[in-house]
Amino acid sequence: MLLKNIILSGLIFVCLVMFAGISFADGADSNVTVNNQPPGLPAPSLSENPVNLVPSGTKTIWCYATASDPNGGADITSASAVFWANTTTMGDPDNGANHYTVASCSLGTASGNDRPVNCSVNLQYYANNTGWTCNITVQDSGALTASNWQPFNINPSIALSLGSPLIEFGSVMPGSTSGTQNEVIANRGNDPMDVQVSGTNMVKPPSPPIPVNKIDWSLDPGMSGKSALSGSPYTITTFDLVEATDGGPSTKSIYWAVNVPTGTPFGTYTGTITITAQSS
Ligand SMILES: [Ca+2]
Ligand SMILES: [Ca+2]
Ligand SMILES: [Ca+2]
């Protein structure tokens, strides 16, 4: 009986060792190396194409795409973009007329392997009217990258601003000519421009008006080669005012004088001179 118990105990003991031996298999380590895979990027889209600029201001456009990464969308950690006119190359320095770099684009919320990328840029009003390219580059946490690009166009923008809303000829004796007044025209578009000028009679009812053709304009401060203003628009085709640059606005003056006919009653006469921008 005692021997049986000893043997039984021994068997039980052996069984426990075997059981314990099986349960030790739960502690084995597992190990796999997941490789970093490069991100992917489809051709981006533009928020507007062709782009219509804002005269005198900046126009914000977006170049955007949904990047993906086999390691999950969150593996995409940064994005940058370059917008350049086809008169330059991607590596050229930035310039408001033709080249913009966006060092850091915004990344959307990762979803599965995808992550939206949005690159916005503020284009100056003098950004060239030509073909452009937007290139986006995304990078993952392992510094692997993907790039893609999309062409787009910027429309011509023809616009001007006036240095003063009022041309004051001052006090003039009947039968004489006013001093010469200067109106500064600034090119607020992205292409060389001419101007069209027209005017109205200067009036002070019930007095007879000062006829519009008594107002002269010239591109010369000495009024040489002056022309009489008319109610019909006249295009000054030699104006040829180039577009602005990063260095500042591009301006040119038109000079004005009025000849007051003899017999004009005293008082203040007012009229309108219209100056509009034209494609040069
Ligand atoms: Ca990756
Ligand atoms: Ca241009
Ligand atoms: Ca011209």
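Two strands count as paired if DSSP finds at least two bridges between them, where strands (E, at least two residues) and helices (H or I, at least four) are DSSP runs numbered from the N terminus. This is a predicted model, in which local features need pLDDT of at least 70, side-chain atom pairs count only at pLDDT 80 or more, and totals for chains, interfaces and linings use all residues. Residues are numbered from 1 along each chain as its sequence is written, while chains are lettered from A and ligands numbered from 1 in the order in which they are written.

Q: What makes β10 and strand β15 a pair?
A: β10 and strand β15 (residues 250-258) are joined by seven bridges in the antiparallel sense, and the definition asks for at least two. One of the positions involved is N182, whose bridge partner in β15 is Y255.

Q: How many bridges join strand β9 to strand β10?
A: Strand β9 (residues 160-162) and strand β10 (residues 181-187) run antiparallel and are joined by three bridges, again set against a requirement of at least two. Here S161 stands opposite A186 in β10.

Q: Why is G27 called exposed?
A: G27 has 6 other C-beta atoms within 10 Å, and is therefore exposed, given that a residue is exposed at 12 or fewer, buried at 20 or more and partly exposed in between, with C-beta atoms placed from the backbone. G27 lies in the loop between α1 (2-23) and β1 (45-46).

Q: What is known of the confidence in residues 1-24?
A: The mean pLDDT (the predictor's confidence in each residue, from 0 to 100) of the protein chain is 92, and 91% of its residues reach 70 or more. Over residues 1-24, however, the pLDDT is below 50, and beyond near neighbours in sequence this stretch has zero contacts in the model, a contact being two residues whose C-beta atoms, placed from the backbone, lie within 7 Å. Where pLDDT is low, the predicted coordinates should not be read in detail.
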